[in-house]
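Here's a friendly walk through a fold for someone meeting it for the first time. Have a look at the picture, and then we'll go through it piece by piece.

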Amino acid sequence: MATIKDVAALAGISYTTVSHVLNKTRPVSEPVRLKVEAAIAELDYVPSAVARSLKARSTATIGLLVPNSVNPYFAELARGIEDACERNGYCVILCNSDDNPQKQRSYLRVLLEKRVDGLVVASVGEERDLLDSLASVRTPMVIVDRALDGVDADLVRVDHEQGAYLATRHLLDLGHVDIACINGPANTSVAKLRLAGFRRALREAGVGLRDGRVLDGDFTSLGGYEAAAQLLGRDRPTAIFAANDLMGIGVLRAAAERSISVPGELSVIGFDDIQMCPYVYPALTTVGQSIRELGEMAAALLLRRIVGSGSAALEQRIIAPKIVLRESTGPSPDLFSG
Ligand code: RIB
């Protein structure tokens, strides 16, 4: 691959002048600029990002760590982050931790070695060694979605507890009194907060929670499908709150395989409002959390932190969730039985 010295030799211009043309760090005459550009084109020269970053003391790169890149929630979050970074001249390196703490630690090290200017992290969990690896980071960082105890960084997330409360309140208002919850991974603050919101709504309504009506899921459609199989026997609930949309979609499949009508015999509500919700059948009622806007907000906070214009105090932005009403929830069938 051609180097900047090859460009200088072919153009008959000094290395320093070529560098000034490339980095626009000093005005040069039009004939000189044209000579350099002709040599670049002839040699198909590509400037070295490493050399440029050493000079500018910036790689203009953001590292993004997500637990599962095939989950549309994280894909839509990444889109919001990438849009904001691209508008500000930064590119994004997306790393998929694959719900694996070891992989998250490895990717964190890779991103730091690449001298990214900032990090956006949605952690796979809150194990001590994961928190320690993040707490020691000195690169500007924003945590999204999942709060991490002991990690000093700005935080952007939806109000998980309130979202689960609203979902459960919605089912209660439809007359459901036997409601199940298929929750996210127990090692995440998200799952703990969503279960708390589910329980608070039941408690405030004076509605009991039967044994076996809370199952730990894994935020995947297969996990929701398998958990629903445990619930949809003869003694089934009349409503299920799935702590994310992918699991809610798995529940819809499990109900359809058992010829259980949704919402006639079973109401199902999810969480996230990913883009496919309106296109499953029946369309999934869910808890909206403006995923792309949340990503844009996280990126904006990080970029301010990088350029030093942010407030010294750490910021927590907690977005208010809202119910997105579609077709998968309806009145409890118990209201019509004798
Ligand atoms: O769907 C993935 C889930 O993990 C979302 O609900 C999001 O809140 C993240 O925690």
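## Starting at valine 214

Let's begin with valine 214, which is partly exposed, at a relative accessible area of 26%. (Partly exposed lies between buried, which means under 20% relative accessible area, and exposed, which means over 50%, with a 1.4 Å probe and protein chains only.) You'll find valine 214 in strand 7. Strands here are DSSP runs of E with at least two residues, helices are runs of H or I with at least four, and both are numbered from the N terminus. Valine 214 touches Cys181, Leu195, Phe198, Arg199 and Leu209, leaving aside residues up to four places away in sequence; a contact means heavy atoms within 4.5 Å. Phenylalanine 241 is 27 residues apart from valine 214 along the chain, and their C-alpha atoms are separated by 9.6 Å.

A word on the ground rules: this is a predicted model, where local features need pLDDT of at least 70 and side-chain atom pairs count only at pLDDT 80 or more, while totals for chains, interfaces and linings use all residues. Residues are numbered from 1 along each chain as its sequence is written, and side-chain values use heavy atoms, with hydrogens and water left out.

## The sheet around it

What is the strand order of the open sheet of four strands? The order is 7-6-8-9, with parallel pairing. Strand 7 (214-216) and strand 9 (267-269) are the edge strands, each pairing on one side only. Neighbouring strands in this sheet are turned against each other by 15 degrees on average, direction ignored. Two strands count as paired if DSSP finds at least two bridges between them.

Now for the pairs themselves. Strand 6 (residues 179-183) runs parallel to strand 7, joined by three bridges, and isoleucine 182 stands opposite leucine 215 in strand 7. Helix 8 (residues 160-173) packs on the sheet and touches strand 6, strand 8 (239-242) and strand 9, with its direction at about 170 degrees to that of strand 8. Helix 9 (residues 189-205) also packs on the sheet, touching strand 6, strand 7 and strand 8, and its direction makes about 170 degrees with that of strand 6. For these angles, axes are lines fitted to C-alpha atoms (for helices, over the stretch in contact), and values run from 0 to 180 degrees between N-to-C directions.

## Strand 8, covered on both sides

Strand 8 has both faces covered: Ala239 and Phe241 on one side, and Ile240 and Ala242 on the other, are all buried. Four bridges pair strand 8 with strand 6 in the parallel sense, and alanine 180 stands opposite isoleucine 240. Strand 8 also pairs with strand 9, again in the parallel sense, over three bridges. There, phenylalanine 241 stands opposite isoleucine 269.

Strand 8, helix 11 (residues 245-257) and strand 9 form a right-handed β-α-β unit. Right-handed means that, with the strands pointing away from the viewer, the path from the first strand over the helix to the second runs clockwise.

## Strand 4 and its neighbours

Strand 4 (residues 141-144) is covered on both faces too, with Met141 and Ile143 on one side and Val142 and Val144 on the other, all buried. Strand 3 (residues 118-121) pairs with strand 4 in the parallel sense over three bridges, and valine 120 has valine 142 as its bridge partner. Strand 3, helix 7 (residues 128-135) and strand 4 make a right-handed β-α-β unit.

Strand 4 pairs with strand 5 (residues 154-158) as well, in the parallel sense and over three bridges. Valine 144 stands opposite valine 156 in that pair.

## Back to the start of the chain

Which residues of helix 1 (residues 4-11) are buried? They are Ile4, Val7, Ala8 and Ala11. Seen down the axis of helix 1, these buried residues fall within an arc of 100 degrees, so they line one face of the helix; the arc is that of the directions from the helix axis to the C-beta atoms. Lys5 and Ala9, on the other side, are exposed. The buried residues pack against helix 2 (15-23) and helix 3 (30-43).

Just after helix 1, glycine 12 takes a positive phi of about 70 degrees. Isoleucine 13 is in the loop between helix 1 and helix 2, and is buried, with a relative accessible area of 15%. Among the residues that isoleucine 13 touches are Ala8, Val18 and Val32, not counting residues up to four places away in sequence.
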